[in-house]
Amino acid sequence: MSELGIPELSLVALVGASGSGKSTFARDHFGRFEAISSDYCRGLVSDDENDQGATADAFAVLHYIAGKRLAAGRLTVVDATNVQREARRSLVELARAHDVLPVAIVLDVPESVCVARNAERPDRDFGARVVRRQRDQLRRSLRGLAKEGFRKVHVLSSVEEVAGAVIVREKLLTDFRDQHGPFDVIGDVHGCRAELEALLDQLGYALVRDSEGRPVDATHPEGRRAVFVGDLVDRGPDSPGVLRLVMGMVGAGHALCVPGNHENKLIRALGGRQVQVSHGLEETLAQLGRESEEFRREVAEFCYGLVSHLVLDDGKLVVAHAGLKEAYHGRASGRVRSFALYGDSTGETDEFGLPVRYPWADDYRGSAMVLYGHTPTPEVEWVNNTLCLDTGCVFGGRLTALRYPEKDVVSVVAEQVWYEPARPFPTAVSTGTARDHDQLDIEDVLGKRIVETANHDRITIREENAAGALEVMSRFALHPRWMPYLPPTMAPAATSQRADLLEHPDEAFSAFDNAGIHELICEEKHMGSRAVVLVCRDAEAATKHFGATGGETGAVYTRTGRSFFDRALTEQLLARLRAAIDDAGLWDEFETGWLLLDTELLPWSAKAGDLLRDQYAAVGAAARHVLPAAAVGLATALGRGVDVDDLLDRTRRRADDAEAFTAAYRRYCWPTDGLDGVSVAPFQLLATQGRTHHDRDHGWHLAIADRLVAATPDLVRTTRRILVDTRDPASLAAGVEWWESMTADGGEGMVVKPLANLSRARRGLAQPGIKVRGREYLRIIYGPDYTEPQHLTRLRDRNLGHKRSLALREYALGLESLERLTRGEPLWRVHEAVFAVLALESEPVDPRL
């Protein structure tokens, strides 16, 4: 038995004459979809696997499929003869194009075996001469396979060797996905040993010293490990000391390390190759010259063994010296290593003779966090889920680390300027807004997309829904910087079995009780319009955090991102809310420059005036005009002996229903003048600077709202509520009675929520709330005479499954956008989740639910 090692991600070329057993070998050792057969591809394009005239098209198909698999990061096996150098060259080029390693497995079985096997197959009638020619081509190229670019070549020289072969899949050297941390990722050290010791101490590591007092290891009591981004050497006062410490930590399993461009140059210098001794290399060579030959040899071996980048924590974290774009994560090629060491250069040099680097992080859209160094910056700044940790310690800046997964930045100040840089090192952050890099790209939202969320896994957005959302967003919505969140739709309670009702609290209480959620809060449902209010402390905060221009200090917008008012009226409303927040002491309490509130804005007519006039009022007026007159006429006919009893009774009921319908919508309409008559009912503090608040129970949120009511009672309206425990019959009865008292007066109803806010049911994320609407309010939704028995019977067949699913998906996306916002992620990342909520609104769901 012979073991054939192949990288887990590679392009494997099976090489052998017709009849050597390649297809059988592929079937026995690889997955059903991993192997791509040239014969099968011939069949795809010509309906005949042996049609040699279709070879060119067949290999075009084969290369296309192989390319797609490699792009997706999947092992790919090519089952073809591959005995000709030109055929193999195209496969090597394909592997290089996708930055994977090409591997050759050669089945060099005797010619007689191949001929005999072909003779047994009726579709192989080409005779022994073809096999002989293919084996001749193979024999001539065996020795040169490695020179052709194959990183591994396995030759099986007999039937027995083929039968006894075992495929062993090897992890790539960069694959550390099974290592989950926690980690402390440390930026460029550049020989600053004292600062490195101080940083490790601040991170909680205990230094281990040798008999001469030199640090040779560092351990953390909580099992954390350091990860060094490279450039350990050059320019600083003690490169050997840094190397001794880092090598000891790596050797003991207490650290990981990737190479920097300075280590790459040092390897060549130590190996006697011709290099330009500059940029601090001269100091390092002089310092190493005072060390032993054994130590220099260990340094060379250590630096040579470092791999280009590390993929950690199930692919969630990537560490590379100069950063790494997403297409290169977990790949292996010369250009991947070059990018990881040097970044992406424009090919130009600046006035200091240094290469101009392409800002790859500005275009990064990957889900993995990328931590890197290489280009010194005075302050760390997140750019599209990437962070540069080189803060110029050797130039008099700081040595910086990031705790992962906590994302806490820890740094120590350099003892002095150890090296004067060729390019002046800035000592302060450049002026400008914090979101200059937040450029949106239409490709971030177009087409079918899958959005990853922390609370509901992956959510798929259909292409047609994205197109509809783009239409709404581009024509009517505010600038995306003012829309960090869109509220979700809400599922109604299951249909009541009571004869005269569609909805009742019992069904909502039972739904949560069955999900294992017993402590609930019932909140008054204001009949207004859902409004999200983003209010900044002042114009300076609005500019700093949201890139505001022209004195804007926030936004008040609808569920589809439209502003409720013009800019002047919006600023008036924000000014009054800002004063209320100030009086309530919330700015200082949350140490924030902005608040994001989920509210209801009243009256309903403030937003829905056109809808009321053109639809509800028109229907009500027509019914009130026609039905009473019809009833009079029918009564006259009845007096004359015409049999219209049933029709008269039905017409009178319809007239009463029309009056009830009119009363229902009029309850929620009143005149306004500017902000006179307008009120806001906040019910949740969604987020403040640096944190979300869905971990706080709803009682806490409503207490915050009450403080705003106390500060500005003429603008901010309270939300009445009652607590219910599903395990207490008296509590349930009190909840039902409270709902009945509100809806008997024509109130809209209530929303039943888990008191704890974000909650998990037995099968996943729990509904954030279930609305229970009153009997009279539902006339607005289902029509004036929906309470007629025949209509109620029909409406009981409401299908709520899709609505519930939609509510959960939109809720998860809303939570995701808030988390991304408070983590300081770029606008395109926040907007991705916000846009997805709007796209889901295009799904075909009964709008009355």
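Is Glu503 buried or exposed? Glu503 counts as buried, because its relative accessibility is 1%. (Buried means under 20% relative accessible area, exposed over 50%, partly exposed in between, with a 1.4 Å probe and protein chains only.)

Before you go on, note that this is a predicted model: local features need pLDDT of at least 70, side-chain atom pairs count only at pLDDT 80 or more, and totals for chains, interfaces and linings use all residues. Residues are numbered from 1 along each chain as its sequence is written, and side-chain values use heavy atoms, with hydrogens and water left out.

**Stop 1: Glu503**

Select Glu503. It sits in the loop between strand S24 (491-492) and helix H15 (505-514). The side chains of Glu503 and Arg773 make a polar contact of 2.7 Å. A second polar contact, of 3.0 Å, joins the side chains of Glu503 and Arg798. (A polar contact is a pair of N or O atoms within 3.5 Å; within protein, one must be able to donate a hydrogen and the other to accept it, and residues adjacent in sequence count only if both atoms are side-chain atoms.)

Show the rest of the surroundings. Leaving aside neighbours within four places in sequence, Glu503 is in contact with residues including Pro492, Ser496, Trp739 and Leu778. (Contact means heavy atoms within 4.5 Å.)

**Stop 2: helix H3**

Select residues 55-71, which are helix H3. H3 has 17 residues and reaches 24 Å from its first C-alpha to its last, close to the expected 24 Å. (The expected span is 1.5 Å times one less than the number of residues.)

Colour Ala58, Leu62, Ala66, Gly67, Arg69 and Leu70: these are buried in H3. Look down the axis of H3: the buried residues fall within an arc of 165 degrees, so they line one face of the helix. (The arc is that of the directions from the helix axis to the C-beta atoms.) An α-helix has 3.6 residues a turn, so residues three or four places apart point the same way.

What do the buried residues of H3 pack against? Their partners are strand S2 (10-15), strand S3 (35-37), helix H2 (38-46), strand S4 (76-79) and helix H4 (85-97). Turn to the face of H3 away from its buried side for the exposed residues Ala56, Tyr64 and Lys68. After H3 comes Gly73, with a positive phi near 80 degrees.

Move on to Asn82, in the loop between S4 and H4. Asn82 is not a glycine, yet its phi is positive, about 50 degrees. Asn82 counts as buried at 3% relative accessibility.

**Stop 3: a five-stranded sheet**

Show the open sheet of 5 strands, in the order S8-S14-S15-S18-S19, with mixed pairing. (Two strands pair if DSSP finds at least two bridges between them.) Strand S8 (175-176) and S19 are the edge strands, each pairing on one side only. S8 and strand S14 (residues 309-312) run parallel, joined by 2 bridges. Phe176 has Leu312 as its bridge partner in S14.

Next, select strand S18 (residues 369-372). S18 runs parallel to strand S15 (residues 317-320), with 3 bridges between them. S18 also runs parallel to strand S19 (residues 386-388), again through 3 bridges. Click Leu371: it is the bridge partner of Val319 in S18, and its own partner in S19 is Leu387.

Both faces of S18 are covered: Met369 and Leu371 are buried on one side, Val370 and Tyr372 on the other. In a regular strand the side chains alternate between the two faces of the sheet.

**Stop 4**

Zoom in on Phe339 and Trp360. Their ring centres are 6.2 Å apart and their planes at 75 degrees, so the pair is edge-to-face. (Rings of Phe, Tyr and Trp, the last by its six-membered ring, pair if their centres lie within 6.5 Å; planes under 30 degrees apart count as stacked, over 60 as edge-to-face and the rest as tilted.) Phe339 belongs to helix H13 (residues 334-342), and Trp360 to the loop between strand S17 (355-357) and S18. Phe339 is buried at 6% relative accessible area, and Trp360 is buried at 9%.

**Stop 5: two cis prolines**

Select Tyr404 and Pro405. The peptide bond from Tyr404 to Pro405 is cis, with omega near 15 degrees. Then select Leu602 and Pro603, also joined by a cis peptide bond, with omega about 0 degrees. Pro603 lies in the loop between strand S28 (594-602) and helix H19 (605-639).

Note on methods
Helices (H or I, at least four residues) and strands (E, at least two) are DSSP runs, numbered from the N terminus.
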